[in-house]
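Please look over the sequence and the model below before reading the points. The notes that follow are meant for someone new to this structure.

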Amino acid sequence: MGIFDKLFSGKPKEMELGAPVAGEAVPIQEVKDPTFGDEILGKGMAIKPTGNQIVAPCDATVDLMFETGHAVSLKGDNGAEILIHVGLETVSLGGKHFKTIAKTGDHVTKGQLLIEFDREAIAAEGLDTITPMVICNTPDYHAVTAYTGKTVAPGDTVLGLVK
């Protein structure tokens, strides 16, 4: 296929977002919190983490790094408004078991370390470590496709966005 065919094939280009953490990619509906599971904040997916590091899913600006380190909001260079939330009810830990690496206003590249967390310690506190990644500006996209049902490494494609 030549460059002309690629440019004018009629099929919109899908923007890919990588996994923010290693683990099992699952549908967002598996998140036992209606804010995420019922897609109130937007469409997305979740990961049952096996890793302890959150990385940028694409090149982006850190819109807000929560003081407690339990979540980060990113504005992708591709226009996506992305929320990554480590675990459920983890704000209650007040930052315990979290270490923020990036800060609000930083420009980060895909795969760059944003947050370190102690998954085992969070689970020992009785909290679910499932990590949703949500596109908060879902209405801006024609399609948001989650690629789930597989084990992923940080950076593996887990969401596809079509304008």
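1. Asn137 counts as buried, at 6% relative accessibility. The cut-offs are under 20% relative accessible area for buried, over 50% for exposed, and partly exposed in between, with a 1.4 Å probe and protein chains only. Asn137 sits in the loop between β11 (131-135) and β12 (143-146). Strands here are DSSP runs (E, at least two residues) and helices are DSSP runs (H or I, at least four residues), both numbered from the N terminus. Not counting residues up to four places away in sequence, Asn137 touches Gly79, Ala80 and Glu81; contact means heavy atoms within 4.5 Å.

2. On the basis of the model: this is a predicted model, in which local features need pLDDT of at least 70 and side-chain atom pairs count only at pLDDT 80 or more, while totals for chains, interfaces and linings use all residues. Residues are numbered from 1 along each chain as its sequence is written, and side-chain values use heavy atoms, with hydrogens and water left out.

3. Thr138 is also found in the loop between β11 and β12. Thr138 counts as buried because its relative accessibility is 13%. With neighbours within four places in sequence left aside, the contacts of Thr138 are Gly42, Lys43 and Val144.

4. An unreviewed UniProt entry carries the annotation "domain: PTS EIIA type-1" for residues 33-137. UniProt positions are given in the numbering used here, feature names are shortened, and annotations may be inferred rather than shown by experiment. Over residues 33-137 the chain is 10% helix and 39% strand, and the C-alpha atoms at the ends of this stretch are 19 Å apart.

5. Where does Thr100 lie? Thr100 is in strand β8 (residues 98-100). With a relative accessible area of 33%, Thr100 is partly exposed. Apart from neighbours within four places in sequence, Thr100 is in contact with Met65, Phe66, Gly69 and Leu114. Thr100 and Glu16 are 84 residues apart in sequence, and their C-alpha atoms are 25 Å apart in space.

6. How many disulfides does the structure hold? The structure holds zero disulfides, a disulfide being a pair of cysteine sulfur atoms within 2.5 Å. Cys58 is in no disulfide, and the nearest cysteine sulfur is that of Cys136. The sulfur of Cys136 is 13 Å from that of Cys58 and therefore too far for a bond. Cys58 counts as buried at 6% relative accessibility, whereas Cys136 is partly exposed at 34% relative accessible area.
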